[in-house]
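Take a look at the model below. Then follow its side-chain contacts step by step.

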Amino acid sequence: MTPELIETHVQAFLESCAFGRALYVGRDLRPSSGRIAQNVIDAARAAGVTAVECGEVPTPALALAAGNADAGAVMVTGSHIPADRNGLKFYTPSGEITKADETAILAQLEKSTAHSNKPLGKLRADTAVASRFVDRYVSAFGASALSGWRIGLYAHSSVGRDILRDILTEMGADVLELGRSAQFIPVDTEAVDLETRAQIREWVLGHGLHALVSMDGDADRPLLADEKGEVVPGDVMGQIVAEALGAEVVVTPVSSNSGVTQKGFGTVARTRIGSPYVIAGMEAAAGKVVGYEANGGFLLGYTAQGPAGPIAPLMTRDCVLPLVVALHASTGQGVAARVAQEPPIVTLSDRLQEVPQSVSQPFVTELAEHQSARAAFLTSIGCSEVGVDLTDGVRMMLENGAVVHIRPSGNAPELRLYIETSDQEAATALMERAMARLRAVFDGC
């Protein structure tokens with residue numbers, strides 16, 4: 001990510017999208033994020049645009065601040081992937097850029113983006129982005145919403161660690177911070193590794209916690225563990241939160257837990273995987289619409305009512321709303337008991353890392369195009385197919401009602417695997433067999 005590459009992409013965004021009155025710029029805690037954020041600011045000012053320096057803030061907090069100021073935004077973050085990689089997330093005043101916006105930006109990259117004759121844009125700072133984000137939740141839920149809760153906060157290197165601590169504390173919770181790190185730690189809330197799960201369980205049981213919370217690097221994906229130290233799947237959390245908020249329409253990717261279709265929502269729309277597809281589905285719906293992904297990131301498409309006040313829409317993934325709502329919905333019974341009320345469908349996800357798309361895509365394409373290839377793969381793990389869904393990757397429905405879903409990651413050199421069954425033990429066993437087979441296929445790649 002050279003200054004030149006950053007400049008061309010930022011200016012292509014500014015020239016092709018309705019970005020509003022200014023460009024807000026935030027960043028996560030990666031070592032490279034400060035330099036890249038400065039490159040973004042320089043590019044905006046070179047285009048004659050006012051740049052607003054927001055510092056180290058969560059992605060949803062930046063998006064909320066920019067939207068309220070009728071401004072665009074760029075968040076410098078690589079999200080949940082390792083620290084040696086980074087990226088830019090673009091926002092218009094209405095929220096995350098759409099697929100149409102992406103197409104316009106890419107088309108603009110083919111054109112000149114020179115701004116040598118434009119006067120230099122202004123530079124100012126907004127130092128209250130974090131505090132306003134805290135107020136959003138405390139005002140909606142009240143100072144006693146989590147009174148009596150003893151909550152662990154796995155802080156690691158997330159840019160949202162201090163904000164989440166403040167929100168929970170101001171809602172009355174007793175918060176114990178754990179695992180704070182000066183070095184960047186990539187935490188994937190959708191595929192929590194066994195070592196991290198063991199550490200979470202040890203913390204929860206060792207400290208007598210009612211729950212443990214965390215998030216990814218830029219704080220748009222939540223992680224919740226119950227009083228037994230068991231991680232709650234992000235899509236199950238999404239189901240709970242959608243119900244608690246009184247949603248009428250739920251939009252979620254095809255990889256999410258299918259139990260959502262059994263909960264009585266007016267409409268459940270399944271999309272391709274990725275927040276732009278969820279947003280497109282939400283924009284096509286009417287009424288009280290929400291969206292969520294299997295990683296737990298939650299999008300609110302209408303003004304919802306909290307226990308103490310309204311919660312304004314936020315059309316980008318947020319980790320705070322699902323955590324706070326799920327905890328509040330579990331008051332008096334505990335998180336494990338609340339999760340047990342959901343439809344008895346178990347989803348698991350895992351990934352093969354350092355597998356570039358150039359290697360994984362031909363394998364997935366072969367599965368998609370040839371039933372014989374799918375049959376060979378499934379036979380190797382003791383299964384057989386009764387149907388297939390090619391909405392995103394290859395989602396194979398099995399004769400026992402289980403699902404094996406394989407797709408390349410859209411933003412990292414990883415091959416994703418999703419499993420769905422009606423039983424935790426069966427899901428774990430199927431995941432182990434399928435991952436072992438994928439490792440054998442890609443050994444040495």
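What follows is a walk through aromatic pairs and salt bridges.

This is a predicted model, in which local features need pLDDT of at least 70, side-chain atom pairs count only at pLDDT 80 or more, and totals for chains, interfaces and linings use all residues. Residues are numbered from 1 along each chain as its sequence is written, and side-chain values use heavy atoms, with hydrogens and water left out.

Start with the rings. Rings of Phe, Tyr and Trp (its six-membered ring) pair if their centres lie within 6.5 Å; planes under 30 degrees apart count as stacked, over 60 as edge-to-face and the rest as tilted. The structure holds six aromatic pairs. One of them joins Phe 13 and Phe 90, with 5.0 Å centre to centre and 40° between the planes, a tilted pair. Phe 13 sits in helix α1 (residues 3-16) and Phe 90 in strand β4 (residues 88-92), so this pair links distant parts of the chain, 77 residues apart. Helices (H or I, at least four residues) and strands (E, at least two) are DSSP runs, numbered from the N terminus.Phe 13 is buried at a relative accessible area of 0%, and Phe 90 is buried at 12%. Buried means under 20% relative accessible area, exposed over 50%, partly exposed in between (1.4 Å probe, protein chains only).

Now move to another pair. The ring centres of Phe 363 and Phe 377 are 6.3 Å apart, and their planes meet at 70°, so the pair is edge-to-face. Phe 363 belongs to helix α12 (residues 357-369) and Phe 377 to helix α13 (residues 371-380), so the pair ties together parts that are 14 residues apart in sequence. Phe 363 counts as buried at 17% relative accessibility. Phe 377 does too, at 4%.

Next come the charges. A salt bridge is a side-chain nitrogen of Lys or Arg within 4 Å of a carboxyl oxygen of Asp or Glu. How many salt bridges does the structure hold? There are 32. In one of them, Asp 70 meets Arg 21 at 3.5 Å, N to O. Asp 70 lies in the loop between α3 (59-68) and β3 (72-76), and Arg 21 in the loop between α1 and β1 (23-27), so the pair ties together parts that are 49 residues apart in sequence. Asp 70 is partly exposed at 34%. Arg 21 is exposed at 68%.

Glu 420 also forms a salt bridge, with Arg 395, their closest N and O atoms being 3.6 Å apart. Strand β23 (residues 414-421) holds Glu 420, and strand β21 (residues 394-398) holds Arg 395, 25 residues apart. Both Glu 420 and Arg 395 are buried.
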